[in-house]
Amino acid sequence: MASKIPAKANPISFFEKLDPQSKLVFISLGIASIGLVIIIIWNIFLRLTAPQLTLAAGDPEGESYIISEAIQKVVKQKSHINIKLLPTGGTSQNLQLLQDGKAELATAQADVVGQEMDLVESRQSQPQQSQDKVSPTAVAVLYRDLFQLVVRDPNIKQFNQLRGKTIALPARGGQYQSFVKVAEHYGLMKADKPDFVISGLKSKYYDDKQAEEDFKAKRADALFRVRALGNLGIAQLVQDQDGRLLPITQAQAMKIKYPAFESAKIPQGAYRGNPPMPAIELDTVAVDRLLVAGEQVDNNLIQQITRIIFENRQAIANAIAEKHAEVKPLVASISRPRENDGTGIPIHPGAVAFYERDKPSFVQENADFLALILTIFLLVASWFKQLKLWIERGKKDEADDYIHSAINLMDKNLGNLEDRQKKLDETFKKAAEALIAERISQESFRTFNEAYKTTREAIEREGQITYQEIEQKQREISAEYIKAAVALLQDKTINQNLLQQELDAILERVATDLIAENISQESYRTFVEAYKTTRDAIERKN
C-alpha cells in the first residue's frame, strides 16, 4: 500500500491557514526568538571586546608556566577574560615586564619579589621621572619551590665544597639570585667575586636546558634548581646521570636576612625508591611561587580570576597535559598569600575582596545566567510544543493507513496464517521506518503498535486453534493404528508369522504418516510402545 507523504508546505499559506490563537502564539514566539538572538549577539560582542591580560609565566618547561597555562584555559572557559601567556627567562624578567607595564600578571619567587620591592621603595625616593614603575601585588601562592642542588662527585657532600667547582646555572632570573644568596651565606662570595664558576656567565642565551646538557656531559660539577619537589628534569639527572642531591642547611639562619626563606625537607626516596635518592631526608630551603599582578589592574578582574582559580582547582589540574602529570598535585597547594610572608608586598585589593567575601549562594552568584537559561528553556519548550501540534496534524493520515492495514489482516479471507503474519510484519517495518523518518509521530506510532499487537494476538490465537485441531487429528489417526495393532492379538485364525507381517505393515504406515506429518512424534512414540507390546505378545503365543 502506498504511503501518504505530505507535500511541502508554503510558509505564507501555512500561516494563513492557522487559527487566530495559533497565529498569536506564532507571532509571540517569533518576537521572543528575535529578543533572544539580540541577547546572544550582545554576549558575543562582550566576548569580542573582553579584557586582555598578559601573564609573564617563566620557562615553558617549568612548573609555573605549566600551571599558568592551565589557569589560562580554565579562566577562558569560566569567564570572558582572555589571558595571553608570555614565556620568559624567569622571575627577574617577569617582574621587569610587570613593572614596565608590558605584563599585567606574572609568576615569581617570593624571595625575589621581596628584593624587587626594596628596589621599588628606593626608586620612590628618587626624582619623579623615575617613579613610573608599576609595583607588584600578590594574588595567590601557586605552590612551594625548593632549592635543589644536584652533584655527581661523591666527594662533594656539603654546599661549601662547591668552592672552585663549575655550577650549571643560567646567570639570570630568580634562580640565579637565590643561589647567590645561599653562596653568600656560606662565604663563597667575596666582594661580589664568587669562589666558583657559573656556566651561564659564558652566554646571555644560556638556559636550563643547556645547564642540564653541561651536567650530563660532565662540563659542570653541580646543577642548581629552584623547582617544586618531583621536578622531571631533576628526576632524569638523578635516575639516568648518577646525580645526587645535597642538603642545603641553615635555612632558619638565612631567613634572618631573607624573610621569604622557609625550612623544608626533601623526603628520602623522593626521586628514586631503590636505592633511595636521596638516601636520607635532606634539609633545604623553600620559597613560595607567587602569582602577582600589577597594582593598576582592575580590582574586579583580579577578584574574578582569583575566584575562578580557587573554585576550579580540579579543573585546572585536569587541564594540565598528561606528559606533565608530576605537576598536577601542585595545584592542590594553591593558597592565599600570607600577610607576613617576608616579601613585603601587599595583596591585590581584588584578591582581598575575594578572600574576605561573604560568599553568595550559587543562585545569587549566577542569577543572571540562570535567568537566561530559564528564558531559553521556556522559549524552546514553547516552540517545540507548538510545532509538535502542527506537525502531528500532518502525520496522522499516514499513521491511520498503517493502523487500517494491520486491523484488516485479521480477516481470514486475506490468505493463510503465514502470509498474513508476514504482511503484518512488513506493515510494522514500514511504520517503524516512517517513525524514524519522522513521517509519523511517536503518539501515532504507539496507537498503531496497539493495533499491531491486537492483530498479532488474533493471528496467534487462530494459529493455536488450527494447531490444536491438527494435533487432535493426529491423535485420532494414532489411536486407529494402535487399535489395529491390538486387534491382531484377538485374531485366532492367523499364524504367528502372518501376524508379525501384519504388525510390521502397520508400523510402516505409521512411519509414512510421521514423515508426512499426519501424526506427531509423540503419537508415533505412543504407537511404538503399543507395537512393542503387541510384538512381544505374538511371540509368547508360541
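1. The lining of the largest cavity divides into four nonpolar, two polar and two charged residues. The model is predicted, and every value in this note is computed from it. The residues concerned are Glu-63, Ala-228, Leu-229, Gly-230, Asn-231, Glu-326, Val-327 and Leu-330. The space in this cavity amounts to about 30 Å³, and the structure holds one cavity of 30 Å³ or more.

2. On the overall make-up, the chain comprises 542 residues, 40% of which count as buried. There are 18 helices and 14 strands. Of the contacts between residues at least 6 apart in sequence, 74% join residues at least 24 apart. The accessible surface of the chain is about 30,300 Å², and carbon and sulfur atoms account for 54% of that area.

3. The second largest pocket contains about 410 Å³ of space. Its lining consists of 22 residues, and those closest to the centre of the pocket are Asp-59, Glu-61, Lys-209, Glu-212 and Gly-233. Two or more residues of this lining come from each of helix H3 (63-78), helix H7 (208-216), strand S9 (222-227) and helix H8 (232-240). Which element gives the most to the lining? It is H7, with five residues. By residue type, the lining of the second largest pocket has 13 charged, five polar and four nonpolar members.

4. His-324 deserves a separate remark. The residue is situated in the loop between helix H11 (313-318) and helix H12 (349-355). Is His-324 buried or exposed? His-324 counts as buried because its relative accessibility is 13%, under the 20% cut-off. Leaving aside residues up to four places away in sequence, His-324 touches Glu-61 and Ile-66. Glu-61 is also one of the residues closest to the centre of the second largest pocket.

5. The aromatic residues can be taken together. A pair of aromatic rings is described by the distance of the centres and the angle of the planes. A search of the whole structure gives 18 such pairs. One of them is formed by Phe-527 and Tyr-531, with 6.5 Å from centre to centre and 35° between the planes, and is classed as tilted. Both residues belong to helix H18 (residues 521-540), where they are four residues apart, about one turn of the helix. Phe-527 and Tyr-531 are both buried.

6. Ring pairs also build a cluster, whose members are Phe-147, Phe-159, Phe-179, Tyr-186, Phe-196, Phe-224, Tyr-258 and Phe-261.

7. Two cis peptide bonds should be noted when the backbone is examined. Most residues other than glycine have a negative phi, and most peptide bonds are trans. Asn-274 and Pro-275 are joined by a cis bond with omega of about -10°; Pro-275 is placed in the loop between strand S12 (272-273) and strand S13 (276-277). Met-277 and Pro-278 are likewise joined by a cis bond, here with omega of about 0°. Pro-278 sits in the loop between S13 and strand S14 (282-294).

8. Gln-268 makes contact with this part of the chain. Gln-268 is found in the loop between strand S11 (262-266) and S12. Although Gln-268 and Ala-279 are eleven residues apart in sequence, their C-alpha atoms are 5.7 Å apart in space. Residues up to four places away in sequence excluded, Gln-268 touches Pro-276, Pro-278, Ala-279, Ile-280 and Glu-281. Pro-278, one of these contacts, takes part in the cis bond with Met-277.

9. Positive phi values occur at Asp-242 and Glu-517, neither of which is a glycine. At Asp-242, phi is about 60°. Asp-242 is placed in the loop between H8 and strand S10 (244-246), and counts as exposed because its relative accessibility is 60%. At Glu-517, phi is near 65°.

Technical notes
Residues are numbered from 1 along each chain as its sequence is written. This is a predicted model: local features need pLDDT of at least 70, side-chain atom pairs count only at pLDDT 80 or more; totals for chains, interfaces and linings use all residues. Side-chain values use heavy atoms; hydrogens and water are left out. On a 1 Å grid over the protein atoms alone, a cavity is a set of points where a 1.4 Å probe fits but cannot get out, and a pocket is an open set with protein on both sides within 12 Å along at least five of seven lines; lining residues have an atom within 4 Å of a point. Grid points are joined across faces, edges and corners, and a volume is the space filled by probe spheres set on the points. Ala, Val, Leu, Ile, Met, Phe, Trp, Tyr, Cys and Pro count as nonpolar, Asp, Glu, Lys and Arg as charged, and the others, Gly among them, as polar. Buried means under 20% relative accessible area, exposed over 50%, partly exposed in between (1.4 Å probe, protein chains only). Contact means heavy atoms within 4.5 Å. Accessible areas come from the Shrake-Rupley method with a 1.4 Å probe; for residues, only the protein chains shown count as cover. Rings of Phe, Tyr and Trp (its six-membered ring) pair if their centres lie within 6.5 Å; planes under 30 degrees apart count as stacked, over 60 as edge-to-face and the rest as tilted.
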